[in-house]
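The following note sets out points for a colleague who wishes to examine the architecture, pockets and local geometry of this chain. Each point may be checked against the coordinates.

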Amino acid sequence: MQLRLDKFLADTGYGTRSAVKDMLKQGRVTVDGAFVKKPDIKVDPEKNVVLVDGKEASYESFEYYMLNKPAGVVSATEDKFQKTVLDLIKDKKRRDLFPVGRLDKDTEGLLLITNDGITCNKLLAPLKHVGKKYEAIIKGRVTEADVLAFKEGLDIGDDKPTKEAVLNIRRNYEEGDEDFSEIDVVITEGRYHQIKRMFEARGMEVVYLKRLSMGKLVLDDTLKPGEYRKLSEKEIELIIR
Ligand code: URA
């Protein structure tokens, strides 16, 4: 694969194309040991060695990160006022990363961040029925009647009822005189506030929500909220198949 030097450097995280052009003009870039000032020469990331200020610029076409999203951060690429999930990925190279599917600002858990749009579509395409598993704390007493209602589909105010969801009650407990339930649930759609609206339709409220998995990709439980790591080769295989 060959690409223009300015694109190579921009993709590698050295700034916009025009910032990169300035860097080139300043004589900060060498290709295979020779200083290069022209932005349009072609380089092959597999063959040519590109140095910026003497340091190698390594090119990655695709990056995949697993983030344990903390509450309080928005699932967007940029936001004028609020911290975004991309602000948390400190060692990213690519400038075209985005989160695959949104989590609400107050939701925690697994978020895949990549620039691989094809995989993203595959993971999100409703036809693929990729199961997304969440754990939650519900204000209210979740019962077998709710398990059945989730299985049969709920009217949450959209055109169509929700598709079959598998609800599992881990435990019911009381705090003061309030009932709470700890549950997990697998949904195959990704509608806006879906889980919150499903419990609302049953007269209850989600007070804590965390995504545990998306398809075969499972949140690494050693990652604390706000921490992330690159996907392993094995995990990338799991999601791109
Ligand atoms: N369902 C919700 O209600 N919120 C999320 O963030 C994800 C699923």
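Contact is taken here to mean heavy atoms within 4.5 Å, and helices and strands are DSSP runs, numbered from the N terminus. The structure is a predicted model.

1. What covers the buried residues of α5 includes the strands β10 (132-139), β11 (166-175), β12 (178-187) and β13 (205-214), together with helix α4 (144-152). The buried residues of α5 are Gln194, Ile195, Lys196, Arg197, Met198 and Phe199. Because 6 of the 8 residues of this helix (residues 194-201) are buried, α5 is largely enclosed by the rest of the structure. The helix is followed by Gly203, which has a positive phi, near 80 degrees.

2. His193 is placed in the loop between β12 and α5. Its phi is near 50 degrees, a positive value in a residue other than glycine.

3. Domain layout. The domain assignment of the chain gives domain 1 (3-56), domain 2 (64-126 + 216-240) and domain 3 (131-214). The centres of domain 2 and domain 3, taken over C-alpha atoms, are separated by 23 Å. Between these two domains, 17 residues of domain 2 are in contact with 10 residues of domain 3.

4. The largest pocket. Which domains each supply at least three residues to the lining of the largest pocket? They are domain 2 and domain 3. The volume of this pocket is about 390 Å³. Its lining comprises 20 residues, of which Arg102, Leu103, Asp104, Arg191 and His193 lie nearest the centre. At least two lining residues come from each of β10, α5 and β13, and α5 gives the most, with 3 residues. By class, the lining of the largest pocket has 7 nonpolar, 5 polar and 8 charged residues.

5. The residues that line it are Lys122, Leu123, Lys128, Val130, Met214, Gly215, Lys216, Glu237, Leu238, Ile239 and Arg241. Two or more of the lining residues are given by each of α3 (117-124) and α6 (233-240). Helix α6 gives the most, with 3 residues. By class, the lining of the second largest pocket has 5 nonpolar, 1 polar and 5 charged residues.

6. Aromatic pairs. How many aromatic pairs does a search of the whole structure find? The search finds 5. One of them joins Phe150 and Phe199: the ring centres are 4.8 Å apart and the planes lie at 50 degrees, so the pair is tilted. This pair links distant parts of the chain, with Phe150 in helix α4 and Phe199 in helix α5, 49 residues apart. Both Phe150 and Phe199 are buried. In a further pair, the rings of Tyr173 and Phe180 have their centres 5.8 Å apart and their planes at 20 degrees, so this pair is stacked. Tyr173 is buried, with a relative accessible area of 16%, and Phe180 also counts as buried, at 12% relative accessibility.

7. Asp40 is found in the loop between β3 (34-35) and β4 (42-43). It is partly exposed, with a relative accessible area of 42%. The C-alpha atoms of Asp40 and Leu3 are separated by 8.6 Å, although these residues are 37 residues apart along the chain. Asp53 is found in the loop between β5 (50-52) and β6 (55-56). Phi of Asp53 is near 50 degrees, a positive value in a residue other than glycine. Asp53 is partly exposed, with a relative accessible area of 49%.

Key: Residues are numbered from 1 along each chain as its sequence is written. This is a predicted model: local features need pLDDT of at least 70, side-chain atom pairs count only at pLDDT 80 or more; totals for chains, interfaces and linings use all residues. Side-chain values use heavy atoms; hydrogens and water are left out. Buried means under 20% relative accessible area, exposed over 50%, partly exposed in between (1.4 Å probe, protein chains only). Helices (H or I, at least four residues) and strands (E, at least two) are DSSP runs, numbered from the N terminus. On a 1 Å grid over the protein atoms alone, a cavity is a set of points where a 1.4 Å probe fits but cannot get out, and a pocket is an open set with protein on both sides within 12 Å along at least five of seven lines; lining residues have an atom within 4 Å of a point. Grid points are joined across faces, edges and corners, and a volume is the space filled by probe spheres set on the points. Ala, Val, Leu, Ile, Met, Phe, Trp, Tyr, Cys and Pro count as nonpolar, Asp, Glu, Lys and Arg as charged, and the others, Gly among them, as polar. Domain bounds come from an automatic or database domain assignment. Rings of Phe, Tyr and Trp (its six-membered ring) pair if their centres lie within 6.5 Å; planes under 30 degrees apart count as stacked, over 60 as edge-to-face and the rest as tilted.
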